[in-house]
Amino acid sequence: MANPTVEMDTNHGKIVLELFAAEAPKTVENFLQYVSAGFFNGTLFHRVIPNFMIQGGGFDAQQRQKPTRSPIQNEADNGLPNGRGTVAMARTGDPHSATAQFFINLKDNGFLNHSGKNASGWGYTVFGKVIEGLDVVDQIAKVKTSSGGISEAVPQEQVRIEKATVRPAEA
């Protein structure tokens, strides 16, 4: 069976993600629930750090944090590395605190990989990769940022996910 794919129409162009359901089942199910509910529509990429990652999925256009469902179990021990173009779940210092926010790696970020089931080693769950629109991701990575209330690197001009949809499965 083919992996699910999600299309994100942003105000910078289209990004298509392939999700790895076999390797990160809880994470993919969680992400697809948010997509299907329309949760990401109108949210911002609110943290853009060149040569590192772009992060989104948690704040609306007024920079208000959106209410989320309960956090999910960290699945970073699935063997998938935080490589260029991969999609991973953002979280707090608690390894099992991921809800809706995600990030796209701009380069290989091996230091984010799982190295052990302890506070410093849990890592960040990779659950997909960009299969179309990596040029759009790179374009977003070049926007001017400044320190703001919601992150140390807030785009000065909004970078919005206009709409996120699950693509129909291909026969």
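Modeller: For lining classes, Ala, Val, Leu, Ile, Met, Phe, Trp, Tyr, Cys and Pro count as nonpolar, Asp, Glu, Lys and Arg as charged, and the others, Gly among them, as polar. This is a predicted model, in which local features need pLDDT of at least 70 and side-chain atom pairs pLDDT 80 or more, while totals for linings use all residues. Residues are numbered from 1 along each chain, and side-chain values use heavy atoms, without hydrogens or water.

Colleague: What is the volume of the largest pocket, and which residues are closest to its centre?

Modeller: On a 1 Å grid over the protein atoms, a pocket is an open set of points with protein on both sides within 12 Å along at least five of seven lines; a cavity is a set where a 1.4 Å probe fits but cannot get out; lining residues have an atom within 4 Å of a point. Here the largest pocket has about 270 Å³. Closest to its centre, among 12 lining residues, are Ala2, Asn3, Pro4, Thr5 and Ala169. The lining comprises seven nonpolar, two polar and three charged residues.

Colleague: How many cavities of 30 Å³ or more are found?

Modeller: The search finds one. The largest cavity has a volume of about 50 Å³, and its lining includes Thr27, Tyr124 and Thr125.

Colleague: Is glutamate 75 buried or exposed?

Modeller: Buried means under 20% relative accessible area (1.4 Å probe, protein chains only). Glutamate 75 is buried and lies in the loop between strand E4 (53-56) and strand E5 (86-89).

Terms used:
Points joined across faces, edges and corners; volume = space filled by probe spheres on them. Helix = DSSP H or I, 4+ residues; strand = E, 2+ residues; numbered from the N terminus. Buried < 20%, exposed > 50% of the residue type's maximum accessible area, 1.4 Å probe, protein only. Lys, Arg positive; Asp, Glu negative; His and termini not counted. Salt bridge = Lys/Arg side-chain N within 4 Å of Asp/Glu carboxyl O.
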